Structure formats: C-alpha cells, structure tokens
Amino acid sequence: MSNYYDDLLQLCGWEIEEIENERPRIEKTFQRLELGPEDMETADAWVRQNHDVTLMGVRKLLGAWLKELIDLILAKDEGKKIVYYSFPTVVRPGMLIAASAEGTYVGGPDVILCHTMGQIFNKLTPILEAGEENGLPPGHALCSIWQVKVGALAKGIIPPPDMAIASSYFCDMGSKADDLLAEIYGTPIEYVDGTMDSAWGEYPDYLPERAEFLGAQFNQLFDKVKEVMGFEVDFKAWDKMMPTIRQYFGDLYRIFELMQADPVPVSSVEVELASILAVACTGRGIAEGAKAIKILIPEIEKRVEENMGVAEKGAPRVMIVLPSFSDPSIVRMIENTGLAIPICALDVRVQPPPPKVQHNTVGERIADGEIRGGVGLFHSSFGTCHRMAANLEQVKGIDGFIYNYQFNCRPVAQVSHSLKRWVEEKTGVPCLSLENDIGDSRSYSAAAMRTRVETFAEMLKTRKVAN
Amino acid sequence: MRKSEPLPLSGRDFIALNHASFIADKEFMVDLLESLVKELRKQAPGSGNGPRILLTGSTLAQGDYKVPDIIEEAGGRVVIEEFAEGIRPYWEEVKLEGDLMKNLADSYFMQRVPPAWFRPGRERLNFLVDLARDFHVDGVIWYHLMYRESYKIESYYFPDILKRETGLRMLTVESDYDATETGPLQTRIETFIETIRR
C-alpha cells in the first residue's frame, strides 16, 4: 500500500521494499516532524532544483541522510541510549562510543536536521524559530546550528540525550548552550576543553602540553561515558571500525580525484552530502552512505569520460570552505555564476608531520592527531590561515578562493580578514571573504550573496582570459 | 553594611567607589574607605525605602552608569552588584602563607566565582541566589552587553532558578552602549520597579 511519502523516498533512493519494511517508523517520524503531503511536494521540487537526481548515487546519499534522521528521531522510542556531540567535532571519540555498545545512538542531531529538514524538506525555519524562542534569540550572533538543536528539542522533534559532548576545545558559545541543555533537560555534559594557544607562525608545531591537556579531556570523556552510560569505551572497537572508515574515506577521496576533472563533473553540494555524512553520524548513515558512494563513483567516472559537467570546460575553478549544511541553493548559485567548485578546503588532506612525542593514552593520541593533522581549525588561527593557503597550493589549477565563513562562529569569523590577506600574499590566488551562515539562510540566502559572488566571478573570468 | 536597612549609601555611590579603587593610589584609597566607614556609622539613617535590587550581568564598566542611574531614579536601590569587573574579586583574599603563585592561582581559578563563560555555569548562579537572600533583595536586574552570548544564554534560564529558589523576579536588559536605548531602558526598569515595589 503506497502512501503520500513514497514518491519522495523513492526520489531519495529508497527501494520499495525498504519503504514497506520501515513504514511504521517512517510515519512516526514524519508525524513528529509535522511533515504532510504538501511538504512532500515542496521537498520534491526543492530536491530536484538543487540536487542532481539523475545520479542514483546522489539519490542514495539523500536517502542515507533520511535513514539517519529516522534513527535519530526514534532513538528514545526504540529504547536506545543517546549521546549527542557538537560541531565542529573531533569524530573519533563519538565513533568509539558508538562502537562500544550496541543500542546506543551517537550523532550530531543539528547537522542531520540541517541536511534533511533543510536540504530535503526546506522546512528548517520553524525549528530555527523554536531555537530562537527557547534560549538562543535572533540578532545576537548565536550559532544557527545550536538554534537547530535547541529548537528541535523544544519542539519535541529529537529526544533529549542521555549525555552530551561539548566541543569546547573550539567554541565557547556552543558549550554554553550545552549548559542550557543541562538546566532544561538535566542532561549530563562532558565539556572537552582545549587550548588553542599557538603563536602566529607556529604551524604545524605546537606545544606538546596542548595534546596532553586535550587528551586528558578526552580520557575524562571516556570515564564519564562509563559513569553516565554504564559501559566502558572499548578502544579495540576502533580496530574493528577502521576497515569501514578507511573504505568510506578511500571512496570519498576517489570522488575528490574525479572532481578535479575539467569540466567539474558534479555539483559540490552532492560531494558535501557524502563528506559530512561521515562526521555527523556513527551508525546507519555511514553504512548507507558507503553504499551510495560506491554507486556514485562509476556515475561520476562516466561523466568524466563523456566530458559532462556542472560548469563549462575551462571555467574559473574556485575552492570554498564548505557548502551550507541546510541550503544547497547557495552553492548552486555560485556554480550558476560560471564558477566551478572542484573541492572544498575542509576536504583537502595533507600528510601530517610525524608525531614529536609518543603519547601513552588513547585520548592523547586522538588529540595529537587532531592538532597535528586535520584541517588546521583545531590548531590555531594561524594554522587555519596556513592550511587554507597550503590547500590552494596542493590542489592544482585553483583560480580563486571563497572563504565563506560562518558569521556567528567566533573562531572562523575572527580570522576572516587576516586569512584573506595571508592567502592572497602567499598564493596570489584572489580570495573573496564571504560572510554566510551554514545552518540558517534567512539572512544569508543565495539571492542576498549573488551580487558579491557574481562580481568575483566576473573578475576571475577576466583574469583567466588575461592570463 | 549594605545588607542593612536603612541603606547607608546608595548603590551608585558604592559603584563609583569601587571603580575609583581600580585607579586610585591604594594607600589613599584605604584611608578614604576607612574614613568613609566611620562617617557612615555616625550619620543619620539613610532615607528611601524603595525595592532592594541585585544588579548583575556581564560588565559594569567605569562610566557606564546608565542602568544604575535609571534604577535609582525610578526609586529602586541597588544593594549589591555581581559583575566581572565589579565586586567579584573581593569576596575572598589571597592567602599570604606558602607558595604565593599557587595561592594566587587558587584565588583566581578555584576560590573566585567563575564568570558565565566558564562551564558548568551553575556555581555563579547559585552564588547569585545566595546574594539575593543575604542582601534581602526584592528583585534582580540582569544587565549584559550585546553579543555577550554566555550571559545571554544564562539570562534565559536563570529566572526560573531564581523564582524557584527565592520567589524573586528578574528583569533582563541589554545594551550596546547606544545613547538611543536610554528611553526604552527607562520604561522597562521603571515598570519592573513598580511591579516589585512592596
């Protein structure tokens, strides 16, 4: 028996059998999300407008996000214990916790809601408004990602967690919003603090005490999991997970390679669906995402062979930091100005220097890996600037850089102007510092940013012809 | 002395004294405070019986007297403040025996009530509840600066804690030091003072 949501789910890569098997769960989820037949029509148009649904891999990725959404919404109903982590996240602790106990839901609910209620249903605004009404008001440069989480909890969409991990190694506003959860829902919070105290020019080096401190915080987190959740974090679980994770990221890097073709074969919004899925969730989303990527790779390979792309061959190639989590039309707007986006800065990986100190605990090793490797964000402001410039030098043929930074994110916003200067001086690549909001496009819509991006695009096109 | 009734000096005067202590010569300031205490003990009981106010928030900078002035002009009496730059460092003394650096760190990081951006933030909120009780206040005015997100977030859930623990009400006001905000602030503070007046 079909229902009003079947067509949309099939558009998002679900098989008929999957829909039949999950029908009660789907209906319970959609009821809680207040999604009805009209929402399916809106979603159908929104998905077709912004995503390339001729690619089954893309449809399956959208479907993977929806499956993760259902698992999130129903986690408490289905007797699972729940741990939420915050963004930007150090992924491994969450994965370790998830792998240590069956029946535990571990994930980043805000990012999942952005990708589903935003990217698929275009219905994130009521959740943002609920966040604004419940402790994180508008007009105060408070993080929209957090407004989504608080709003979804206030509306009863997502269940209150049994424990939350605060990413206070990066952000102070988010961790203060964790206090809000503690006060309102009684949620035990583990604050994972760090010290981003590196001098300007000090990268990739850093004081080893930084890793010791952050590592001790991760170790405290693992102790807290035992205390609150009642199970020990199994560090050997990491070994069990590694083949899956390696496979996922190995396949993702294959897509990054394919994206270097000219013309760029698919929109950056499709790649983002895959790259963020792996950091927003630890369960079914990853497993389903891995299958979707396997389908997507040959589809993109075919496009490369046939010289098909989303921008014209020879179009100026720009690197952006990261597409919007909630509104794919922004990246589509950039691409529609005639710019090709072959890769996002946060997807570029460079070989980290070898560790200078052999750390003894799991927490310290995770901390050291994040500060030494990663994308520079967890190192320092200079680390971020340095890495952005290094990324532009590593990825060949980039004509421009759009530093599209979250305006209300203290660490990334405060470096926006120095980063532009640093990148342009070091690489000669023109940089557009573009204020935006990764979770809330009410003030930072594609239309609002179009004039600035178009001007930048025209400049890059002229420059490319002149060179 | 500020716990007593009638109030020996206005909140506005105390705030001015506190701010003066930041820049005045310490020996001069100690002499001045000692003579002031003697004078206050001798003087006739102060006038006024308006609501006793706990004024708290992020920052009460030197020269930023708009809110305390409006409170007192509306008939309220600021009997105690709790701000990052205000009275917070004076609640405990640095021990002079033993390792002085350790004592200093202990005073800064362990003894002193932490500001809002420390988490968990409940210690400061509990301290505010204690201040409200100890200073027999009739209401709390929470005054923070725009974009001080930690205080903004706390101001959302503290009124419930305050109400539950003391039965008191709280008014939250916000400023970005804009001259045009005086009128709206005045309206809100005057209304609050009227509603809590006994």
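Two strands pair if DSSP finds at least two bridges between them. Strands (E, at least two residues) and helices (H or I, at least four) are DSSP runs, numbered from the N terminus. This is a predicted model, in which local features need pLDDT of at least 70, side-chain atom pairs count only at pLDDT 80 or more, and totals for chains, interfaces and linings use all residues. Residues are numbered from 1 along each chain as its sequence is written, and chains are lettered from A and ligands numbered from 1 in the order in which they are written.

Q: What makes β1 (residues 52–57) and β2 of chain B a pair?
A: DSSP must find at least two bridges; β1(B) and β2(B) have five, in the parallel sense. Leu55(B), for one, has Glu81(B) in β2(B) as its bridge partner.

Q: Why is one side of β2 (77–82) and of β4 of chain B left without a neighbour in the sheet?
A: The open sheet of chain B has the order β2-β1-β3-β4. β2(B) and β4(B) stand at its edges with a single partner strand each, so one side of each has no neighbour in the sheet.

Q: What makes Ile189(B), Phe192(B), Ile193(B) and Ile196(B) of α7(B) buried?
A: A residue is buried if 20 or more other C-beta atoms, placed from the backbone, lie within 10 Å of its own, exposed if 12 or fewer, and partly exposed in between. These four residues are the buried ones of α7(B).

Q: How do you know that the buried residues of α7(B) line one face of the helix?
A: Seen down the helix axis, they fall within an arc of 100° (taken over the directions from the axis to the C-beta atoms), so they line one face. Exposed residues on the other side include Thr187(B) and Glu194(B).
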